[in-house]
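User: I am new to reading structures. Can you walk me through a few features, one at a time?

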Amino acid sequence: IPRPETELLVREAVDWARRSGRKSLRILDLCTGSGCIAWTMALESPGAEVVAVDISDAALEVASSQDFSDELSRTGAKAPVFVKADVLADVPADGPFTEEFDIILSNPPYVMDKEKALMRTNVLDHEPHLALFVSDDDPLIFYRAVARWASRLLSSSGFGIVEINEALGAETAQVFIDAGFPTAQVLQDFSGRDRFVHFSR
């Protein structure tokens with residue numbers, strides 16, 4: 001279920017892409033889920049090559065079945081390439097991962113198990129729990145993985161942004177700083193909550 005916070009993440013990435021002036025961007029969306037981030041980046045950045053990764057066959061089926069044929073024809077954009085891969089595993093050394101990316105985005109699972117009681121029922125009843133929850137003992141597991149992928153794949157002049165748990169802003173930024181992204185910092189959402197970390201070399 002896309003949320004306004006995720007829209008803001010995409011807006012930040014689209015604005016960066018436009019400011020860069022680059023016409024042939026390579027964009028990587030990790031933990032793509034329904035593919036809303038990947039499709040929006042593709043349609044808002046005609047000429048970009050968008051690669052989107054998820055471990056779930058069901059999610060990839062939903063993402064790849066989105067029908068934006070009219071928009072693709074109108075804008076001249078290219079449809080994202082959806083790839084099954086485990087973000088928690090080693091970065092693949094083949095396929096679309098043999099070249100660097102200009103933008104890396106991710107809205108990974110970040111809701112701690114202890115926070116389930118605070119979730120709205122429409123989310124709990126209709127969102128796959130695989131896409132939402134992480135262990136209380138290791139809530140930053142996906143951010144360490146994204147940082148590892150970014151260390152390997154983000155270009156020297158590239159940009160990354162991830163959606164985060166508002167309770168773990170400083171800790172999440174530190175993950176990226178420790179991974180070699182000294183400019184990592186926390187951004188707030190529409191409600192003034194810590195909601196994103198953006199990073200670069």
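Analyst: Start with pockets. A pocket is an open set of grid points with protein on both sides within 12 Å along at least five of seven lines, and its lining residues have an atom within 4 Å of a point. Keep in mind that this model is predicted.

User: Which residues line the second largest pocket?

Analyst: The lining includes V14, A17, R18, G21, R22 and K23. E44, S45, P46, G47 and A48 are also among the lining residues. Helix α1 gives the largest share, 3 residues. By class, count 5 nonpolar, 3 polar and 4 charged residues. The space inside is about 160 Å³.

User: How do I read a helix?

Analyst: An α-helix has 3.6 residues a turn, so residues three or four places apart point the same way. Now take α6, residues 141-153. At 1.5 Å a residue, its 13 residues should span 18 Å. The end C-alpha atoms lie 19 Å apart, which agrees. Buried residues in α6 include F142, V146, W149 and L153.

User: Which strands pair with β4?

Analyst: β1 pairs with β4 in the parallel sense, over 4 bridges. There, D29 has L105 as its bridge partner. β7 also runs parallel to β4, joined by 5 bridges. S106 partners V162 of β7.

User: What stands out about the phi of C31?

Analyst: C31 has a positive phi of about 60 degrees, although it is not a glycine. C31 sits in the loop between β1 and α2. C31 is buried, at 16% relative accessible area.

Methods: Residues are numbered from 1 along each chain as its sequence is written. This is a predicted model: local features need pLDDT of at least 70, side-chain atom pairs count only at pLDDT 80 or more; totals for chains, interfaces and linings use all residues. Side-chain values use heavy atoms; hydrogens and water are left out. Helices (H or I, at least four residues) and strands (E, at least two) are DSSP runs, numbered from the N terminus. The expected span of a helix is 1.5 Å times one less than its number of residues. Buried means under 20% relative accessible area, exposed over 50%, partly exposed in between (1.4 Å probe, protein chains only). On a 1 Å grid over the protein atoms alone, a cavity is a set of points where a 1.4 Å probe fits but cannot get out, and a pocket is an open set with protein on both sides within 12 Å along at least five of seven lines; lining residues have an atom within 4 Å of a point. Grid points are joined across faces, edges and corners, and a volume is the space filled by probe spheres set on the points. Ala, Val, Leu, Ile, Met, Phe, Trp, Tyr, Cys and Pro count as nonpolar, Asp, Glu, Lys and Arg as charged, and the others, Gly among them, as polar. Two strands pair if DSSP finds at least two bridges between them.
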